[in-house]
Amino acid sequence: MQLIVNGKYKEAKQESKNITEKNHGIACILEGMVLIGQYDDLGDTTAILTATKLLNKCKSDGYWEALRIFQLGYTQSEQGHSLKGAINTKSAAKIFEKSNDRDSKAFYAIYAYYMNNALSWLPFVNDNSNTYLQSLTQGAKNSKWFWPLFTTSLIWMHYDREEYDKGLQLANSALKRVPNHPVFLQIKADMLYRMKQYKQAAQIYEASASDYLTRTGKSLRYWCAVANLIRIYHDAGNEQQKIKWQKELNAPEFNTIKEWMPNSLMDDLKERNLLK
């Protein structure tokens with residue numbers, strides 16, 4: 001897992017294959033997680049398609065089976081198969097719920113938190129969101145292998161609650177553990193943007209766009225940086241820079257990746273007429 005966090009995907013994939021002789025199921029699940037890491041960082045959409053096929057074939061039991069189903073639910077949701085993703089996430093949560101270890105509690109908390117929020121409008125339904133946040137906080141602080149996943153989930157929960165300062169603190173804590181991590185840098189910029197610290201947010205996303213252009217070409221993460229720069233400069237009142245990045249979206253490469261862009265980001269640009 002440390003290799004994945006450090007962006008060493010080839011080495012991580014080789015490590016997972018080395019486990020095959022000992023436990024084929026676990027090795028298969030780990031390889032799927034490597035592919036998800038490639039997608040999340042490098043914007044490699046082929047990797048997540050391959051991960052879905054792989055995780056559908058893998059078989060294990062107990063904790064590892066729950067992890068397989070959980071990851072499969074994520075890959076399906078990312079491809080727009082929300083119902084399939086939700087069903088698998090629920091199935092994984094039921095397995096995690098039976099375990100008392102810290103990581104299982106944190107994985108369960110991700111599912112339970114969102115279910116709690118979805119049902120909070122009903123009368124006589126207890127609000128246990130803070131309990132789930134605490135479980136996830138413990139996972140983010142102390143999990144040896146899955147702290148990046150728990151930290152990311154926790155940040156977005158605080159983001160949805162408009163607690164951007166807490167999200168920023170978590171992003172900064174993650175960056176102390178993995179300095180200059182490209183995904184956590186983008187997340188940090190998202191928090192700064194919502195806190196109206198436009199100059200800092202723009203600086204991070206400018207550097208991120210340049211970094212991804214060098215590392216991956218015009219991949220998904222590059223286009224996320226471009227789209228965010230448009231709204232950052234718009235809100236900062238920098239018309240010249242806003243138009244510069246708007247023009248970038250006219251590139252033919254953007255059309256090939258457009259369907260993979262985060263819906264919330266694209267909807268925001270559309271609603272504010274920032275797509276030209």
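Apart from neighbours within four places in sequence, A51 is in contact with G32, L35, I36 and T75, where contact means heavy atoms within 4.5 Å. A51 lies in helix α4, residues 45-57; helices here are DSSP runs of H or I with at least four residues, numbered from the N terminus. The model is predicted, so local features need pLDDT of at least 70 and side-chain atom pairs count only at pLDDT 80 or more, while totals for chains, interfaces and linings use all residues. Residues are numbered from 1 along each chain as its sequence is written, and side-chain values use heavy atoms, with hydrogens and water left out.

A51 is buried, its relative accessible area being 0% (buried is under 20%, exposed over 50% and partly exposed in between, with a 1.4 Å probe and protein chains only). Between the C-alpha atoms of A51 and Q200, which are 149 residues apart along the chain, the separation is 35 Å.

Two packed helices are described by the angle between their axes and the distance between the axes. The axes are lines fitted to C-alpha atoms over the stretch in contact, with angles from 0 to 180 degrees between N-to-C directions. For helix α3 (residues 24-42) and helix α5 (residues 62-78), the axes come within 10 Å and cross at roughly 30°. α3 is therefore roughly parallel to α5, a term for angles under 35 degrees; over 145 counts as roughly antiparallel, 65 to 115 as roughly perpendicular and the rest as oblique. Residues of α3 including I29, M33 and I36 meet residues of α5, among them L67, Q71 and T75. This contact divides into nine nonpolar, two polar and three charged residues (Ala, Val, Leu, Ile, Met, Phe, Trp, Tyr, Cys and Pro are nonpolar, Asp, Glu, Lys and Arg charged, and the others, Gly among them, polar).

Helix α12 (residues 198-216) packs on α13 at an angle of about 155°, with the axes 9 Å apart. That angle makes α12 roughly antiparallel to α13. The contact of α12 with α13 has 14 nonpolar, two polar and three charged residues.

Helix α13 (residues 220-236) also belongs to the account of the core. The largest nonpolar core has 88 residues, and F150, F184, W223, W245 and M261 have the most contacts inside it; such a core is a set of buried Ala, Val, Leu, Ile, Met, Phe, Trp, Tyr and Cys residues joined through side-chain atoms within 4.5 Å. Helix α13 gives the most to this core, with 11 residues. Beyond its neighbours within four places in sequence, F184 is in contact with residues including W147, P148, I155 and L175.

How values were computed
Helices (H or I, at least four residues) and strands (E, at least two) are DSSP runs, numbered from the N terminus.
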